[in-house]
Amino acid sequence: MMMIKKRFFIVKGILILVIFWFILSYNLNRPRIIIIHSYDTTLSSVRAFNKGFLKKLQHDKNPSILNYFMNTLNKQSERYKVSSGISAENIIEDLKPEVIVAVGEEAQEYVGKNYIGNPHISLVYAKIKDPSSYDYTNAKNVSGVQEQFPLNDVKKVLSSLKKNKKSLKLASIGDQTTLMKVDDKFILTHSWDPHVLTDSIMVDTFEEWKESVKKLNHLAEVDFIFLSNYRNLKTSMTDNTIVSSKDVISWTVKNSAIPVIGLYETNSKDGVPLSVSTSSLSEGKNTAQLVLEIIQEKAVKTKVLTTEHFLISLNTKYSMYDDLGIPEIYKSFAIASGLYYEGNKINGKYKL
């Protein structure tokens, strides 16, 4: 009897060791991927990117995925960005991933570009407009998805809203974040013909924002104002408190006779009546496709994709929505994409 018990414990021990070995071997052989996000999940575009990425990245190797959020959108100091980048690199050193996915401008500047030419790591970039600014163009271990505002589609949408005018006068306003500076360059270099971009303004405080909006309205020559980023506006030169993005849009829409048009899907969630943007969900899927090719060892290391689809986002909270005379097809498009935000009306009037 004692011999049987002894053999039972030996067999049981061997089985435990075998199971442990299989688990360890399985985890060691899983591809390791780290996604470095410039921002965090408070932005719907970040959540949409992750949703698209995870939906596409379904593979029998079941890759291990870790997200790291730098959260730099509302923390623009150089000291914070450098510190956040160092933290990301420490995690990379411990994790030793096969693939780094760098999402957004700061993720490239403070993390991604430091791995150019690394023979052990493939770098995939996403949600940036100019890969050459990070020396990615000739890098042998770098591929990615180049983001492009759908500005040609924006032109078509604006023309449909003002059919009686062949040439529109446009302006852009934003804060002084890294994101806005890149956006501003992209907007300025785009060919707007037959329309004209008359002004592009970047400000640091909400007080300056208000003055700029008033100035544009006083000119009475601008047909539309573009908005992309305004999430890092300080209250004033003497008050560094960041103004809520919804408060910025609420004041702007109420005080501007010129219609405002968003260039990100998050803008309409803040209250912008109409936004025309790239699809973060689609960008996430395209990025995951490149990662799949890498872990399947079929990757073209320098492969570059561009954003393909655009989205319409609508918010009916303010009367400017009605004033725009938005075609019904845009409403259907926004509803189908889950980007239609209905405001509340009391006795037929919008509650402000």
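Guide: The largest pocket has a lining of 16 residues, and those nearest its centre are Ala48, Glu265, Leu281, Ser337 and Leu339. A pocket here is an open set of points on a 1 Å grid over the protein atoms alone, where a 1.4 Å probe fits, with protein on both sides within 12 Å along at least five of seven lines, and lining residues have an atom within 4 Å of a point. The model is predicted, with local features needing pLDDT of at least 70 and side-chain atom pairs pLDDT 80 or more, while totals for chains, interfaces and linings use all residues. Residues are numbered from 1 along each chain as its sequence is written, and side-chain values use heavy atoms, leaving out hydrogens and water.

Visitor: Which helix gives the most to the lining of the largest pocket?
Guide: H2 does, with four residues; helices H2 (44–56), H9 (265–270) and H10 (280–295) each supply at least two, a helix being a DSSP run of H or I with at least four residues and a strand a run of E with at least two.

Visitor: Switching topic, in what order do the seven strands of the open sheet come?
Guide: The order is S7-S6-S8-S9-S10-S12-S13, with mixed pairing, where two strands pair if DSSP finds at least two bridges between them. S7 (196–202) and S13 (340–341) are the edge strands, each pairing on one side only.

Visitor: And how many bridges join S6 to S8?
Guide: Four, between residues 169–174 of S6 and 224–227 of S8, and the two strands run parallel; Ile173 stands opposite Leu227 in S8.
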